[in-house]
Amino acid sequence: MNEARSAEPLRIGVAGAGAIGCTLATLLARVENGGTEVRVLARGATLRQMQVEGLTLHRRGERLQARVIASDDATQLGEQDVLFLCSKSQDLAALLSAARPLVGPQTLVIPLVNGVPFWFFQGQPGPWGRRAVQAVDPQGVLLNALEPQQLLGAVTFITAERTGPAQAVSDNPLLIVLGEIDQRLPGPRMQRLAEVLSRAGIEARCVPALRDTLWTKILANLTSNPLSVVSGATLDAIYGDARLLPIVRRMLQEGLALAAAYGARIPFDPASFIAEGAAMGPIRTSMLQDHLAGRPLELAAIGDAVLELARLQDIAMPVTARMIALAHFREEVATHPIQLAA
């Protein structure tokens, strides 16, 4: 982000208009008194709906609508000051390739993904250095696609569900935690973006130790998403049903041990974590939504990458490994149904 443009409207690109992208673009485009220009890279029915009727977000009893400039050709949208990449982790490389014309020398790129991010080891001291996380970036394509200073880390706590092309619903509080991946103190570019997000109704926090927050999100994904696919349960049941809670508690214990091995300071106790999960209500996880819709599951980032990090630390995660394996099995059966003998 070019500091020389600080007095001009912030050009914000959103690549990917699923549940999170739609929520983010709608709220940013509705910021009062200007200050932002929102452009969306989308395709198919979502793009057509966006061009005809704009974006629609149902939030806490309100129907919010917004008009944005949208295209399936990134060259028509131009270089942006900030680019949010909103996709499943397995689609991130293809999305970044399609969005490349949106990225200029000063563009700040912010991937909003679940699970272990491809930049996990980047900017960190220690034996793994710039190691790629093989489960999410096996060839290191993402790791080498951007200059480190162009990348801003983010941990997203947004529950949203796509209800149709260019339409989403999101009723819970919205939070994005921002941080430099090399743990530098928050600077002006981050502060300016946080101010814009806050004006859009999204709580934005700037922190120096983003990986502490990242591990909180990793544990939330880990204990809820695979189990939701295996059980079909919503968040209130996952964290509140006596039949599921023993599994959640074991997975949380295993995850906390792994987080500690990577130096994370987790700001919650297990009881509070579980209570907050139950309080989310009858929300379907993003992975359960994908499973029910027959879409590929984000198990590589949410599950396989965690097990990869555990192997590097020689930490056993038996319950977690079994649950992830069962979720993979469920996905495979949904894709290729088992033929039972008569």
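A crossing of two helices is called left-handed if the near helix is turned anticlockwise from the far one by less than a right angle, and right-handed if clockwise. Helix H6 passes H12 in a left-handed crossing, whereas H6 passes H10 in a right-handed crossing. Helices here are DSSP runs of H or I with at least four residues, numbered from the N terminus.

This is a predicted model, in which local features need pLDDT of at least 70 and side-chain atom pairs count only at pLDDT 80 or more, while totals for chains, interfaces and linings use all residues. Residues are numbered from 1 along each chain as its sequence is written, and side-chain values use heavy atoms, with hydrogens and water left out.

The table sets out the two helix pairs, with axes taken as lines fitted to C-alpha atoms over the stretch in contact and angles running from 0 to 180 degrees between N-to-C directions.

| Pair | Axes | Angle |
|---|---|---|
| H6 (residues 210–231) and H10 (residues 286–293) | within 7 Å | roughly 30° |
| H6 and H12 (residues 318–335) | 8 Å apart | about 40° |

Angles under 35 degrees count as roughly parallel, over 145 as roughly antiparallel, 65 to 115 as roughly perpendicular and the rest as oblique. H6 and H10 are therefore roughly parallel to each other.

Contact means heavy atoms within 4.5 Å. On this basis Asn225, Pro226, Ser228 and Val229 of H6 meet Ser286, Met287, Leu288 and His291 of H10. Towards H12, the H6 residues Leu222, Pro226, Leu227, Val229 and Val230 meet Thr320, Met323, Ile324, Leu326, Ala327 and Arg330.

Note on methods: Helix = DSSP H or I, 4+ residues; strand = E, 2+ residues; numbered from the N terminus.
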